[in-house]
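Subject: Structure for you to look through

Hello,

Here is the structure I said I would pass on. Please open it first, then read the notes below alongside it.

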Amino acid sequence: MSITETAEELRFDDSLFIVSKTDLKGNITYANDLFIEMSGYTEKELIGAPHNILRHKDMPRVVFKLLWDKVQAGEEIFAYVKNRAKSGKFYWVHAYVTPIVDVKSNKIIGYHSVRRSPNPQAIAVIEPLYRKMLDAEKSGGMQASLAILDTTLSQLKVSYAEFILSYE
Ligand SMILES: Cc1cc2nc3c(=O)[nH]c(=O)nc-3n(C[C@H](O)[C@H](O)[C@H](O)COP(=O)(O)O)c2cc1C
């Protein structure tokens, strides 16, 4: 489906969470009511669809690579993500993504994402950083994009997780 991205932002209440679960490939297996409302898709359209149905072209690829590397290794990750609704409007989220582990087999059976409304101060920092990373990706690929993130973190003397969580 071709969607025209617009400059119109959607917001959601600070006290609410956008929740989804996926299978091992990132296909949506569960979406809560707020996910459905914000995305603009019906539950029927969402269940079984790949999570990149929400992918916004302003997002650097390397953010999703970091996300997948972490959760496939059984770890958690926090990330700021700009999502694209079916209408083409965008909404920023602060996502906490974790693997779902089967207690009996101790194997990862899917993934879970819980998203809050981000602090606008964080977005004021993240937006220009992502823009720089995306530009770097266009010419130098993911390595160049990662180098920008690493330089930013080392200048601030913080880890990725500390950086992401520093705007709480
Ligand atoms: C639990 C979970 C939640 C995800 N949530 C989003 C999301 O909200 N928006 C998004 O663009 N990608 C999300 N992704 C990442 C997508 O699977 C995908 O990697 C990303 O959209 C980039 O698309 P691409 O891999 O086709 O380039 C999520 C992945 C997982 C495992």
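**Overall size and fold**

The protein has 168 residues, and a compact globule of that length would have a radius of gyration near 15 Å; the value here is 16 Å, which agrees. Keep in mind that this is a predicted model. Along the principal axes, the C-alpha trace spans about 45 × 40 × 35 Å. Of the 168 residues, 25% count as buried.

The protein contains five helices and five strands. Read from the N terminus, their order is β-β-α-α-α-β-β-β-α-α. Among contacts with a separation of 6 or more, 51% are between residues 24 or more positions apart.

**The ligand**

Which residues are closest to the ligand? They are G26, H51, N52, Y111 and S113, out of 16 residues that surround the ligand. By class, the shell has six nonpolar, eight polar and two charged residues.

**Two packed helices**

A pair of packed helices is described by two values, the angle between the axes and the distance between them. For α3 and helix α4 (residues 120–156), the angle is about 30 degrees and the axes are 9 Å apart. Angles under 35 degrees count as roughly parallel, so α3 is roughly parallel to α4.

Which residues meet where α3 packs on α4? From α3 there are R61, V62 and K65, and from α4 there are M133, E137, M142, S145 and L146. Sorted by class, this contact between α3 and α4 is made of four nonpolar residues, one polar residue and three charged residues.

Is L149 buried or exposed? A residue is buried if 20 or more other C-beta atoms lie within 10 Å of its own. L149 has 20 C-beta neighbours inside 10 Å, so L149 counts as buried.

L149 can also be used to look across the model. L149 and E43 are 106 residues apart along the chain, and their C-alpha atoms are separated by 35 Å.

That is what I have for now.

Regards

Methods
Residues numbered from 1 in each chain as written. Predicted model: local features only at pLDDT ≥ 70, side-chain atom pairs only at ≥ 80, totals over all residues. Near = placed C-beta within 6 Å. Nonpolar A, V, L, I, M, F, W, Y, C, P; charged D, E, K, R; others polar. Helix = DSSP H or I, 4+ residues; strand = E, 2+ residues; numbered from the N terminus. Rg over C-alpha atoms; globule rule 2.2 N^0.38 Å. Buried ≥ 20, exposed ≤ 12 C-beta atoms within 10 Å, placed from the backbone. Contact = placed C-beta atoms within 7 Å. Axes fitted to C-alpha atoms, helices over the stretch in contact; angles between N-to-C directions. Parallel < 35°, antiparallel > 145°, perpendicular 65-115°, else oblique.
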